[in-house]
Amino acid sequence: MKRNILLLFGLIGLVALEYGCKEEPISCGGSSEMRVTGIQELQYFSLDSNNQLSALDQDEAPYDKIVYRVVMDWERIASIHYNNYAAYASIAPYTYWKPKEIIILDNEVDVTDQFSILGYSRISDFIDDSPFQGGQYLHFTMLQAPEDSAEKTYKFTIVESDTTYSILSKPLSIIP
């Protein structure tokens, strides 16, 4: 009886081993590269006393504390890849995305030069710096205070080689 049970487990193990070595196409197996498909949403944050992001709960904030976060929408670039094993480790998704141009409008007036992005003092520096930019978020902060307290709505436009994505911010009272 023990011999039959051991034989049965041995046969099941051989079948499982053979199935694991079978060459089958696995979708997205060879690539973890992502591509931009649009803008998912616009989030609003303020910088606290430690320069950390916290959710902006009010509809007003000082100009130097507001952070607009544009959340990009991504999809995985699929590829057909053949493997002769069943389990494999994969790297985290990444992208070699680079915007061609970023435009910020306030009532159809270009105010792009009044914003910084991801630690760059100018948006043009961000675009010119590297051949590829990575990351799902783009953080925009204001460089200049408005002349007086006013409610502002900005239109963020991101231009790729052949596609343009835009999103409109909610009205916020910006305090100089």
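Two residues are said to be in contact when heavy atoms of each lie within 4.5 Å. In this predicted model, S116 touches S121, H139, F140, T141 and L143, residues up to four places away in sequence being left out of the count. S116 itself is found in strand β10, which covers residues 115–117. The relative accessibility of S116 is 9%, and the residue therefore counts as buried, the limit for that class being under 20%. One of the residues touched by S116, T141, is also its partner in a polar contact, in which the two side chains are 2.5 Å apart.

Because its relative accessibility is 42%, Q144 counts as partly exposed. With residues up to four places away in sequence again set aside, Q144 touches Y63 and Q114. The C-alpha atoms of Q144 and D113 are 9.3 Å apart in space, while 31 residues separate the two in sequence.

Confidence was examined along the chain. The average pLDDT of the chain is 81, and 76% of the residues score at least 70. Over residues 25–30, the pLDDT stays under 50, and the model has 18 contacts for this stretch beyond four places in sequence. Residues 84–88 likewise have a pLDDT below 50, with 8 contacts in the model beyond near neighbours in sequence. Where pLDDT is low, predicted coordinates should not be read in detail.

Terms used: Residues are numbered from 1 along each chain as its sequence is written. This is a predicted model: local features need pLDDT of at least 70, side-chain atom pairs count only at pLDDT 80 or more; totals for chains, interfaces and linings use all residues. Side-chain values use heavy atoms; hydrogens and water are left out. pLDDT is the predictor's confidence in each residue, from 0 to 100. Helices (H or I, at least four residues) and strands (E, at least two) are DSSP runs, numbered from the N terminus. Buried means under 20% relative accessible area, exposed over 50%, partly exposed in between (1.4 Å probe, protein chains only). A polar contact is a pair of N or O atoms within 3.5 Å; within protein, one must be able to donate a hydrogen and the other to accept it, and residues adjacent in sequence count only if both atoms are side-chain atoms.
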